[in-house]
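Open the model in your viewer and keep the selection panel at hand. The tour below goes from stop to stop, saying what to select and what is there.

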Amino acid sequence: MLNGSTFIRRELLIRIVRAFDSGSLESEIDQIPVKLRPKNEPSSRCCVYHDRAILKYRLMALLGISVEEEIDETKPLSAYYAEKAWTAEGEAAKPKTPLSVCGPACSGCPDARVVSTQNCRGCFARPCVYNCPKKAIEVVDGHSVIDQKLCIKCGKCIAACPYNAIVKTTVPCEEACPVGAIKKNELGVAEIDFEKCIFCGKCFNACPFAAVMERSQLVDVLAAMKRGEKLVAMIAPAAEKQFPGKIEQLLTACAKAGFSDVMEVALGAEKTTAHETAEFIERMEKNPNTFMTTSCCPAWVNLAWKHLPDLVEHVSLTPSPMVYAREIVKEKDPSAKTVFIGPCVAKRSEARRKDVDYVLSFEELGAILAGRKIDVIACEPWPVARPADPTARNYARSCGVTDAVLAEATAKIPGFKLNAKQINGIDKKTCTMIKLHASGKIPVNFLEVMACPGGCQNGPCSLVK
Amino acid sequence: MEKVKVEICCGTACYLLGAANMMDIEDKLPAEWSGKVEIEAKPCLELCERENLGGAPYVRINDTEVMAQATPDKLLTRIGELLGGAA
Ligand code: SF4
Ligand code: SF4
Ligand code: FES
């Protein structure tokens, strides 16, 4: 969904592409914050100067630089840009952590609390007082007051009050994080513990101040194109309905934008289906009482590795569609570089491990198309050798992988039974559910886990949800 | 007015900056407007370059009027005004 912060990020992205293409990014980039927030015009925060300071950090993240690593506050964006342009290749092109928290943008939201508001009428029945299991509520001067030392934030009073007088305020990022990786530090500014972070991107979507930012590889891709490198666009199955027009038109748009070749990652998903099904059948033959989980969602794989070590052996070893797509590209042309284009933050971490050269979000691809004046609906469909299998395109939806594996298995073994369950979105609750599976208390043999509710189509960086 | 012609810019810039939310506007038209509103998705209307990006998404109404920073609500209100008493 579009909101103020998404709008500004997209506007910045398009401006970067336009300035890059006209060869003036280095000379223009320091002026962008001022141009966007001229004096005497409305500001989004306290004043235009605060806005400009944060725009500078946003641009830093869009150049792929971590805001946390800023050492010299006086260093202008143009200096960062000049440095980066020389080292676009290799390690430098791959940010170690895909996310960065912009301290000056973080509002240091007050700790989660349940509080009574002006709506309280100090009524006679006082259902809040009677329903509080901890006797934390008292009515003082005709108004309910909650003793924060006693309150356990159970929310019973919230449900009890007919005037909606009691509300719960939260720290949105902390609330959204399934693994407790983002916390306010001693300065009251949010910080991500990257040892714990699974890169699900939930905090990125949750923060109303857009303080959590993605470290972009947009300029790396633009620079590589300019150097004349062969970059192949690998479009994730979640691209369906993200842009106007059909996927085949989007492929043409990518080719026009300067990619040397284009393909659907769904072609890789076909291979994942075949191998994952074979792996599943083999595992079941060895031990019919065990279970296997899917492996295509990188945030889920990160979750298993970092937080659920007992489950790791159950995670399928089959590579993800992105990895197979890369293989297909490299078989055709070993010198080509690969660019995964999708809706996912965690894919950035998987790409690093699996030698995919760059990852762009749909938004970043959109910025390239917008900057280069390419309209998807005005493009002819790309002449694909053959369209990807519909089950493979369905990987972007919850149940998609399950359906694909089931179809493949029944084709091989008639009457094949899959005792499948889906974890449709990772949050604190479903994390507990997943742990129950590890203990073998829930009788399933195939567990599909997707970090985003509904699947990748609702990924943190999808354009339309 | 008898009929209103609405051209929603689906150029990539406008799409990213908000037109994506207007793609289903046809479904939101009140039944009594049926036949009176013609909606079309258009490639770049060339306003994002000439005017500015901050004005996107752009919608063109009846060939001459340009709506900047269009939203589904703004658009529906304007169509209603143009249809006047007829609606
Ligand atoms: S949601 Fe988290 S990151 Fe965003 S402003 Fe609040 S504390 Fe900071
Ligand atoms: S990306 Fe996910 S796991 Fe990492 S800090 Fe944000 S919400 Fe937590
Ligand atoms: S994309 Fe809408 S005016 Fe250019």
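How many nonpolar, polar and charged residues are in the lining of the second largest pocket? Keep the question in mind at the first stop. Note also that this is a predicted model.

**Stop 1: the second largest pocket**

Select A:V262, A:M263, A:L267, A:I328 and A:K332, which lie nearest the centre of the second largest pocket. The lining has 23 residues, and the space inside is about 420 Å³. By class, the lining holds 14 nonpolar, one polar and eight charged residues, which answers the opening question.

Now colour β10 (261–264), α12 (266–286) and α14 (321–332) of chain A; each of them supplies at least two residues of this lining. The element that gives the most is β10(A), with four residues.

**Stop 2: the largest pocket**

Move to the largest pocket, with a volume of about 960 Å³. It is lined by 41 residues, and the ones closest to its centre are A:F7, A:I8, A:E11, A:L36 and A:R37. Show both chains here: α1 (4–21), α3 (32–36) and α4 (48–62) of chain A and α3 (47–50) of chain B each give two or more residues to the lining. The largest share, eight residues, comes from α1(A). By class, this lining has 20 nonpolar, 10 polar and 11 charged residues.

**Stop 3: the two ligands**

Select ligand 1. Among the residues that surround ligand 1 are A:C106, A:C109, A:C173 and A:C207, together with A:P172, A:P208 and A:F209. The shell has 10 nonpolar, two polar and no charged residues. Is A:C106 buried or exposed? A:C106 counts as buried because its relative accessibility is 17%, and the cut-off for buried is under 20%.

Go on to ligand 2, which is surrounded by 14 residues. The closest are A:C177, A:C197, A:C200, A:G201 and A:C203. Of these, look at A:C177, which is buried at a relative accessible area of 8%. The shell around ligand 2 has 12 nonpolar, one polar and one charged residues.

**Stop 4: salt bridges**

Side chains of opposite charge can pair when their charged atoms come close. A search of the whole structure finds 27 salt bridges over all chains.

Select A:R372 and A:D21, a salt bridge in which the closest N and O atoms are 2.8 Å apart. A:R372 lies in the loop between α16 (362–371) and α17 (390–393) of chain A and A:D21 lies in helix α1 of chain A, so the pair ties together parts that are 351 residues apart in sequence. A:R372 is partly exposed, at 23%, and A:D21 is partly exposed too, at 39%.

Next select A:R348 and A:E214, whose side chains meet in a salt bridge at 2.7 Å, N to O. This pair joins parts that are 134 residues apart in sequence, because A:R348 is in helix α15 (residues 346–353) and A:E214 is in strand β8 (residues 212–214), both of chain A. A:R348 is buried at 8% relative accessibility, and A:E214 is buried at 10%.

Stay on helix α15 of chain A and select A:E350 and A:K347, which lie three residues apart, about one turn of the helix. Their side chains also form a salt bridge, at 2.7 Å from N to O. A:E350 is buried at 5% and A:K347 is buried at 8%.

Finish in chain B. Select B:E7, B:E40, B:K42 and B:R60, which are joined into one network by salt bridges that share partners.

Methods
Residues numbered from 1 in each chain as written. Chains lettered and ligands numbered in written order. Predicted model: local features only at pLDDT ≥ 70, side-chain atom pairs only at ≥ 80, totals over all residues. Heavy atoms only, no water. Near = heavy atom within 4 Å. Nonpolar A, V, L, I, M, F, W, Y, C, P; charged D, E, K, R; others polar. Buried < 20%, exposed > 50% of the residue type's maximum accessible area, 1.4 Å probe, protein only. 1 Å grid on protein atoms, 1.4 Å probe; cavity = no way out; pocket = protein on both sides within 12 Å on 5 of 7 lines; lining within 4 Å. Points joined across faces, edges and corners; volume = space filled by probe spheres on them. Salt bridge = Lys/Arg side-chain N within 4 Å of Asp/Glu carboxyl O.
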